[in-house]
Amino acid sequence: MSNANQILFNKAKIHIAGGVNSPVRAFAGVGGTPVFISRAKGSKIYDTENNAYIDYVGSWGPMILGHSHPHIIEAVKKACDDGLSFGAPTPFETTIADKICELIPSIELIRMTSSGTEATMSAIRLARGYTGRDKIVKFEGCYHGHSDSLLVKAGSGMLDIGEPTSKGVPADFAKHTLTLPYNDKQALIDCFAKFGNEIACVIVEPVAGNMNMVIPSQDFHNTLRQLCTDNEAVLIFDEVMTGFRVGLGGAQAHFGITPDLTTFGKIIGAGLPVGAFGGKREIMEHIAPLGGVYQAGTLSGNPLAMRAGIAMFELLTQDGFYDKLSEKVVYLTDNLEKLAKEAGIAFKTTHLGGMFGLYFTDNDLPKNFDEVSQCDDKKFATFFHGMLERGIYLAPSAFEVGFMSSEHSQEDLDKTLETAKEVFANMAQA
Ligand SMILES: *Cc1c(COP(=O)(O)O)cnc(C)c1O
């Protein structure tokens with residue numbers, strides 16, 4: 001590979017902290033130099049020297065229609081002509097709110113934000129304001145953005161007070177956050193037995209996509225829902241990633257669970273900065289100006305993002321969209337497993353809708369963060385670089401998932417598989 005990326009990365013590091021505006025982009029998880037992208041179209045992204053890569057990151061989820069989809073670009077161009085931001089209500093905000101409420105029955109009222117982080121942060125403040133309680137529960141390996149209360153891991157004892165995972169988060173904040181092992185029904189039962197009437201909310205990725213991919217058991221979700229109801233704690237489904245990714249109804253439709261609040265982001269903005277949180281009317285009515293929980297945003301409900309989102313929903317709601325997407329994911333993951341097996345490489349996959357996880361492991365599919373951590377991240381890094389060198393762009397970390405778009409062609413999938421075959425063969429010889 002040429003050293004263009006190295007030169008660009010060195011330049012970037014002069015005035016951008018670490019050379020990136022979000023840490024995972026720096027390739028720390030796999031080593032090497034990040035690829036600088038200059039443009040993208042359909043299933044492919046192109047670096048500054050016009051090398052094409054088949055892209056399975058999709059801007060970390062939003063690009064479910066592929067890049068530069070003509071329908072989205074047209075909507076955004078029209079929106080640009082009408083002005084970029086007004087700081088006053090627009091009819092487009094109502095259109096997208098109506099659409100989301102129609103598609104996700106648990107949502108009666110919604111608020112738009114500019115990022116997923118803002119959505120989860122606001123949902124948590126709302127849950128605290130609504131219940132008058134301080135404690136929140138989250139799960140090990142789930143990511144909910146970078147607000148203070150959520151950058152917390154479990155303390156040394158199982159039901160101990162939390163410890164910050166980032167410097168700069170006051171211990172006084174972290175002590176209100178309880179972190180439990182994911183997908184562990186007994187830990188939930190124990191936690192609620194001890195703290196039930198102090199818990200404002202539980203926030204969960206209903207399918208985890210930030211510790212590679214873990215689909216939890218139905219029993220875990222049923223228990224979680226029941227315990228929240230019994231203890232009058234707010235159940236927040238963080239569907240920033242899974243919303244409109246695993247299916248039109250999100251992970252909540254997949255599990256048949258009605259959360260009290262849901263957060264969105266990524267797909268609903270079609271690639272523009274966006275987030276949203278919504279849910280039960282009775283809870284949402286506690287937000288200003290209706291109630292006493294403050295939440296706001298200069299660019300919230302931005303007309304470009306709303307009009308891109310509306311155009312996005314026009315295509316996502318077409319018959320068979322998710323069936324086709326899911327068929328591609330199944331084709332890719334099934335064949336990757338087959339090829340790895342033929343090469344004698346211990347490798348497994350999982351998937352739901354338009355997302356998939358890849359694991360280098362001899363064990364069963366990981367069920368929680370500890371088990372994901374036991375997968376071979378060195379093998380992953382070798383695989384990642386082998387694929388990248390040959391024009392396949394996977395997420396640069398063994399703790400991230402893969403995303404399929406509607407624009408990935410059969411040819412793209414077969415090229416990916418041929419490439420994987422070659423990389424697996426090299427790995428088997430090493
Ligand atoms: C990406 C993500 C977030 C954060 O969203 P940003 O837009 O990056 O702030 C929150 N929760 C989940 C589940 C995510 O995947």
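The largest share of the lining of the second largest pocket, three residues, is contributed by β4, where strands (E, at least two residues) and helices (H or I, at least four) are DSSP runs numbered from the N terminus. The model is a predicted one, in which local features need pLDDT of at least 70 and side-chain atom pairs count only at pLDDT 80 or more, whereas totals for chains, interfaces and linings use all residues. Residues are numbered from 1 along each chain as its sequence is written, and side-chain values use heavy atoms, with hydrogens and water left out.

On a 1 Å grid over the protein atoms alone, a pocket is defined as an open set of points with protein on both sides within 12 Å along at least five of seven lines, a cavity as a set of points where a 1.4 Å probe fits but cannot get out, and lining residues as those with an atom within 4 Å of a point. Grid points are joined across faces, edges and corners, and a volume is the space filled by probe spheres set on the points. Under these terms the second largest pocket has a volume of about 460 Å³ and is lined by 21 residues, of which E93, R111, M112, S300 and G301 lie nearest its centre. Both α3 (91–103) and β4 (109–113) supply at least two residues each to this lining. Its composition is ten nonpolar, nine polar and two charged residues, with Ala, Val, Leu, Ile, Met, Phe, Trp, Tyr, Cys and Pro counted as nonpolar, Asp, Glu, Lys and Arg as charged, and the others, Gly among them, as polar.

Polar contacts (pairs of N or O atoms within 3.5 Å) include one between a ligand nitrogen atom and an N or O atom in the side chain of D238, at 2.7 Å. An oxygen atom of the ligand lies 3.1 Å from an N or O atom in the side chain of N210, and an oxygen atom of the ligand is 2.6 Å from an N or O atom in the side chain of K266. Taken alone, the ligand exposes 380 Å², of which the protein buries 83%, with accessible areas derived by the Shrake-Rupley method with a 1.4 Å probe.

Five cavities of 30 Å³ or more are counted. The largest cavity holds about 90 Å³ of space, and of the 13 residues that line it, L358, F380, E400, V401 and G402 are the closest to its centre. Strand β14 (residues 355–359) gives the largest share of this lining, three residues, and the lining as a whole comprises eight nonpolar, four polar and one charged residue.

An open sheet of four strands shows the order β1-β2-β3-β15 with mixed pairing, two strands being paired if DSSP finds at least two bridges between them. Because β1 (37–41) and β15 (392–393) stand at the edges with a single partner strand each, one side of each is left without a neighbour in the sheet. Strands β2 (residues 44–47) and β3 (residues 52–55) pair in the antiparallel sense over three bridges, and I45 has Y53 in β3 as its bridge partner. In the loop between β3 and α2 (70–81), S59 adopts a positive phi of about 55° although it is not a glycine. The peptide bond from A288 to P289 is cis, with omega near 10°, and P289 is located in the loop between α9 (281–284) and α10 (303–316).

Key. Polar contact = N/O pair within 3.5 Å; in protein donor to acceptor, adjacent residues only side chain to side chain.
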